[in-house]
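I am opening this notebook to record what I looked up about cores, cavities and pockets.

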Amino acid sequence: MAGTPLVFITGASSGIGQALAARFYRAGYRLALVARRTAEIEAWATASRLDPARYAVYGADVALTDDIVAAGEACVARQGLPDVVIANAGISIGIDTAERSDLDVLARTFAVNNIGLAATFHPFVRGMTQRGSGRLVGIGSVAAIRGLPGHGAYCASKSGVVAYCESLRGELRTSGVRVVTICPGYIDTPLTQGNRYGMPFLMTPDAFAQQAFDTVEAGTSYRVIPWQMGVAAKLLRLLPNALFDRAMSGRGRKKRLGES
Ligand SMILES: NC(=O)c1ccc[n+]([C@@H]2O[C@H](COP(=O)([O-])OP(=O)(O)OC[C@H]3O[C@@H](n4cnc5c(N)ncnc54)[C@H](OP(=O)(O)O)[C@@H]3O)[C@@H](O)[C@H]2O)c1
């Protein structure tokens, strides 16, 4: 299998991660697939008739640094140093800062979406820079562009993802390792199903994965998918605060933990 490229994907048990796994597999990659629900990954791999020689599954909670670092190290030992690492695992839960319990949701969101992302990259950075090649892919969100009422944990975490990946990109600029930041718009996955607001330009995970694959292969530094959401995000960024606040005031809020 030497010579066959390898992709390491977190959040591979569902939605975008699973669609990315399918897309990279079709392109000839070997897969290193990570999530807590490893049985879901195994069931999907079996149903998709993946060649067992071309994938391995690692159970890890990305919010537990030792867990995800150990998964990365196990991947290097078992399958080799990946060509592409996609830090995709993420959670999205509404918060109300007046509620004490939502501070724990905030902490959990940062632990998964931010510390988990850096810890996913960590075991590979030194090896990739020594080799002089690789792609580190951070999955952000258009929610990074502006703070949405009721969605402070997620918006803050995703703007953190964008800023963190930009810092890393600068650090690795001359190393041959590319840092790719991808901000999905609205993708039809369990994470968005049940949202109480309109989701313009909603995409299937497979359509998203196709464009994300092309973005990773090209080594593009930053891309919003679909492009229409990129334009909308740029316009939203330009909107003066007073107008933005008024426009958002009637918008439905992301469900808080336990809300149905
Ligand atoms: N769907 C959208 O519209 C959209 C838009 C913008 C950005 N995104 C981002 O895209 C990424 C994937 O989202 P999705 O829509 O595919 O959501 P999803 O279907 O809910 O999948 C989330 C994935 O993350 C994994 N995950 C969550 N917490 C984890 C943890 N502590 N440790 C390890 N894995 C964990 C889950 O696996 P286990 O539960 O098995 O561990 C699951 O595989 C997220 O970063 C999300 O913020 C999504």
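Before listing any lining, I note that a cavity here is a set of grid points where a 1.4 Å probe fits but cannot get out, and that lining residues have an atom within 4 Å of a point. I also keep in mind that this is a predicted model.

Entry on the cavity. I looked for cavities of 30 Å³ or more, and the count came to 1. About 60 Å³ of space lies in the largest cavity, and I find its lining made up of T10, V62, A87, N88, A89, V112, N113, G116, L117, T120, I139 and K158. Helix α4, residues 100-131, gives the most to this lining, with 5 residues, and by class the lining divides into 6 nonpolar, 5 polar and 1 charged residues.

I turned next to the second largest pocket, which holds about 190 Å³ of space and is lined by I145, Y222, R223, V224, W227, G230, A233, K234 and R237. Two or more of these residues come from each of β7 (222-225) and α7 (227-238), with α7 giving the most, 5 residues. I sorted the lining by class and got 5 nonpolar, 1 polar and 3 charged residues.

Entry on the cores. The largest nonpolar core has 33 residues, of which F24, L31, I86 and I182 touch the most other members, and helix α1 (residues 15-26) gives the most to this core, with 6 residues. Apart from this core I found another, of 28 residues, among them L6, V34, A87 and V161. I then looked up L31, and leaving aside residues up to four places away in sequence, its contacts include L6, F24, Y25, R54 and Q79.

Definitions and conventions:
Residues are numbered from 1 along each chain as its sequence is written. This is a predicted model: local features need pLDDT of at least 70, side-chain atom pairs count only at pLDDT 80 or more; totals for chains, interfaces and linings use all residues. Side-chain values use heavy atoms; hydrogens and water are left out. A nonpolar core is a set of buried Ala, Val, Leu, Ile, Met, Phe, Trp, Tyr and Cys residues joined through side-chain atoms within 4.5 Å. Buried means under 20% relative accessible area, exposed over 50%, partly exposed in between (1.4 Å probe, protein chains only). Helices (H or I, at least four residues) and strands (E, at least two) are DSSP runs, numbered from the N terminus. Contact means heavy atoms within 4.5 Å. On a 1 Å grid over the protein atoms alone, a cavity is a set of points where a 1.4 Å probe fits but cannot get out, and a pocket is an open set with protein on both sides within 12 Å along at least five of seven lines; lining residues have an atom within 4 Å of a point. Grid points are joined across faces, edges and corners, and a volume is the space filled by probe spheres set on the points. Ala, Val, Leu, Ile, Met, Phe, Trp, Tyr, Cys and Pro count as nonpolar, Asp, Glu, Lys and Arg as charged, and the others, Gly among them, as polar.
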